[in-house]
Amino acid sequence: MRIPKKPVSFCISLFSPDLFPPALSSRIRLVSGVSTKSDCAPGKRKGFCFTGARQLHASYSMEGSHGTVVGDNKSPRLTNMDCSDGGSHEPCIWSSPEGGHKIDIGKQIFCNRSLNMKNIVAVGFDMDYTLAQYKPETFESLAYEGTIRKLVYDLGYPRELLEWSFDWKYMVRGLVLDKKRGNILKMDRHKYVKVAYHGFKELSKEDKVSTYGSTLTRDAFDEPDYALIDTLFSLAEAYLFAQLVDFRDNNPGKVADTTDYARMYRDVRAAVDLCHRDGTLKQMVAKDPKRYINEDTSIVPMLKMLGDSGRSTFLVTNSLWDYTNIVMNFLCGARTMDGIRKCNFDWLQYFDVVITGSAKPGFFHDDSRANLFEVEPVSGMLLNTDNGSPMPQVGDTSPSFSPKTLNKSCRVFQGGNVGHLHKLLSIESSSQVLYVGDHIYGDILRSKKVLGWRTMLVVPELEREVELLWKLRDTRKGLRLLRNQRDLIEDKIHHLKWSLKFEDINAEEKQQLSSALDSLEFEREQVRLSHQQAQRENHQKFHKVWGQLMKTGYQNSRFAHQVERFACLYTSQVSNLSLYSPDKYYRPSEDFMPHEFDIIPM
């Protein structure tokens, strides 16, 4: 049993045996007697007490608005808490009275590979789009507008671009940009192109086949000719690329002949990089974080629960210290009585190590020669270290740090590599680390393949997708029946054609078979059209253009294939970890081969 770093107290009262199974009851030593009300005051962290109410209460101290919700312990479902009003509702976590019940499907954690959390000694997080979920309608629009200005004023594009607007719902993750042809593709796990647009114009089936399906060798659809839209940061630039393709096609002469589709994509990427380098985006977020970042009051209870379970927690982000401190203060900082956040360094108490400016994915290579500097939180100064150990300045006999730095249990660094992190956390085996991120290639693939870390991918789009899947489950059954009906009719048609071609039959029989064949072919066409229309309607319920995120037709999408390959776990938001025991054993569902699918009952 893992020993918590901090004592945890419970209030347990007059419960019946069904509230605690024998295995759990045997692990809890009860103190006899009945306590007074003051003995069970919120925030008290020692001993056990009976209160007269049938509750199990983990008394995590949650400053400000980060309290534990106390409610009906018999509720059959875990309530989704709305934090949009600034935190008037409190988060519901596994260790609270409401915890441990059925979790809404949109909040569940899904498992690709078995993961026993008891073997995990350190849990790490990315920041941008993992702990910090940006609002696409404001943050991505800000990035889009900044990129447009760079294209016009720095790269010489026509001023008409300044009148363009951004549809933040149009693009989705998992798409592939064909830089040379100006096409945007969605493909299945076998890399067959199923949906394709040239700019905003859909390609016909014949165009798709002639362009991507009639080559002697299979295209890998990778760099340098293609760009993968595998992070939410890339959606604005993908939309802008589609707009530029349409603009070039419909306005001859307004874009230089030497500026082909590939050059336009390079210019978009250069403009995006300029926006990030000049600090415009981060300055706007720093002025008003609430406008650009979703609040999630479950993050602090989740981090506390992980710490109290005996695990180290760390943050590894490519953002630099000044911006990281602003964002993490917004997410984890305490509030004053009037709801205003205090900007300080209190959020560091929830982490053992913070590494900023990590330059992922290069950070995950142990042989990276990146220097590791310690960050002095107050001034932001970088101090030399010897692989994380303090170094004295030239002429000094001992290293010196400010008192505020020495008082912090968490140390903050910039740069370095994964070897430094393992040393700082005393990690003996890479398989003891769980890392949570949002970027398949930047966070998950390298940490999984190079290091063997356990991984969890955050897919915010998943919450709506699984809820819609549940709602449309009967529709999907109907689609499967239509598909089976098409197969049966086609089998009959093939049989009749075979009879007409090879069997010795008289003219009358031949006429009857031909008539039956015509009827079947008419029926097949009707079923085909019904199936096709039903498929398209189902497709558009998920997204009007690209359909279901994790599917392309009947196959897993390329994005789903990457999630399956590289993410041990995946979920819609990082704080869903707070809905599960920190010692949970995550087990995957059974794999099915096609020959098993209709044999083994679901």
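Is P390 buried, partly exposed or exposed?

1. **P390 and the basis of the values.** P390 counts as partly exposed, at 36% relative accessibility; buried means under 20% relative accessible area, exposed over 50%, and partly exposed in between, with a 1.4 Å probe and protein chains only. P390 is found in strand β16 (residues 389–390). The model is predicted, and local features need pLDDT of at least 70, side-chain atom pairs count only at pLDDT 80 or more, and totals for chains, interfaces and linings use all residues. Residues are numbered from 1 along each chain as its sequence is written, and side-chain values use heavy atoms, with hydrogens and water left out.

2. **Elements.** Helices (H or I, at least four residues) and strands (E, at least two) are DSSP runs, numbered from the N terminus. Two strands pair if DSSP finds at least two bridges between them.

3. **Strand β19.** Residues 454–458 form β19, and five of its five residues are buried. In a regular strand the side chains alternate between the two faces of the sheet. R454, M456 and V458 point one way from β19, T455 and L457 point the other way, and all are buried. Strand β18 (residues 433–437) pairs with β19 in the parallel sense over four bridges, and Y435 has T455 in β19 as its bridge partner. β19 is also joined by three bridges to strand β22 (residues 569–571), and these two run parallel. There, L457 stands opposite Y570 of β22.

4. **The five-stranded sheet.** An open sheet is formed by five strands in the order β10-β9-β8-β7-β11, with antiparallel pairing. Its edge strands are β10 (201–202) and β11, each of which pairs on one side only. Between strand β9 (residues 193–198) and β10 there are two bridges in the antiparallel sense, and Y197 stands opposite E202 in β10.

5. Rolling a probe the size of a water molecule over the atoms shows where empty space is left. Here a cavity is a set of points, on a 1 Å grid over the protein atoms alone, where a 1.4 Å probe fits but cannot get out; lining residues have an atom within 4 Å of a point. Grid points are joined across faces, edges and corners, and a volume is the space filled by probe spheres set on the points. Searching the whole structure in this way gives four cavities of 30 Å³ or more. Two or more lining residues come from each of α2 (136–153), α4 (235–250) and α5 (261–277), and α2 gives the most, with five. The lining divides into nine nonpolar, two polar and two charged residues; Ala, Val, Leu, Ile, Met, Phe, Trp, Tyr, Cys and Pro count as nonpolar, Asp, Glu, Lys and Arg as charged, and the others, Gly among them, as polar.

6. **The second largest cavity.** This cavity has a volume of about 50 Å³. G174, L175, V176, L228, I229, D230, R558, F559 and Q562 line it. β7 (175–178), β11 (226–229) and α16 (558–566) each give two or more residues to this lining, and the largest share, three residues, comes from α16.

7. **Cysteines.** How many disulfides does the rule count? The count is zero, a disulfide being a pair of cysteine sulfur atoms within 2.5 Å. The closest cysteine sulfur to that of C111 is in C568, 7.7 Å away, so the two are too far apart for a bond. C111 is buried at 14% relative accessibility, and C275 is buried at 4%.

8. **Record annotations.** UniProt positions are given in the numbering used here, feature names are shortened, and annotations may be inferred rather than shown by experiment. An unreviewed UniProt entry places the feature "binding site" at D126 and D438. These positions are spread over 313 residues of sequence, yet they cluster in space, with a largest C-alpha distance of 7.6 Å. D126 is found in the loop between β6 (122–125) and α2, and counts as buried at 5% relative accessibility. For "coiled-coil region", the unreviewed UniProt entry lists residues 506–537. In the model that span is 97% helix and 0% strand, and its end C-alpha atoms lie 46 Å apart.

Conventions. 1 Å grid on protein atoms, 1.4 Å probe; cavity = no way out; pocket = protein on both sides within 12 Å on 5 of 7 lines; lining within 4 Å.
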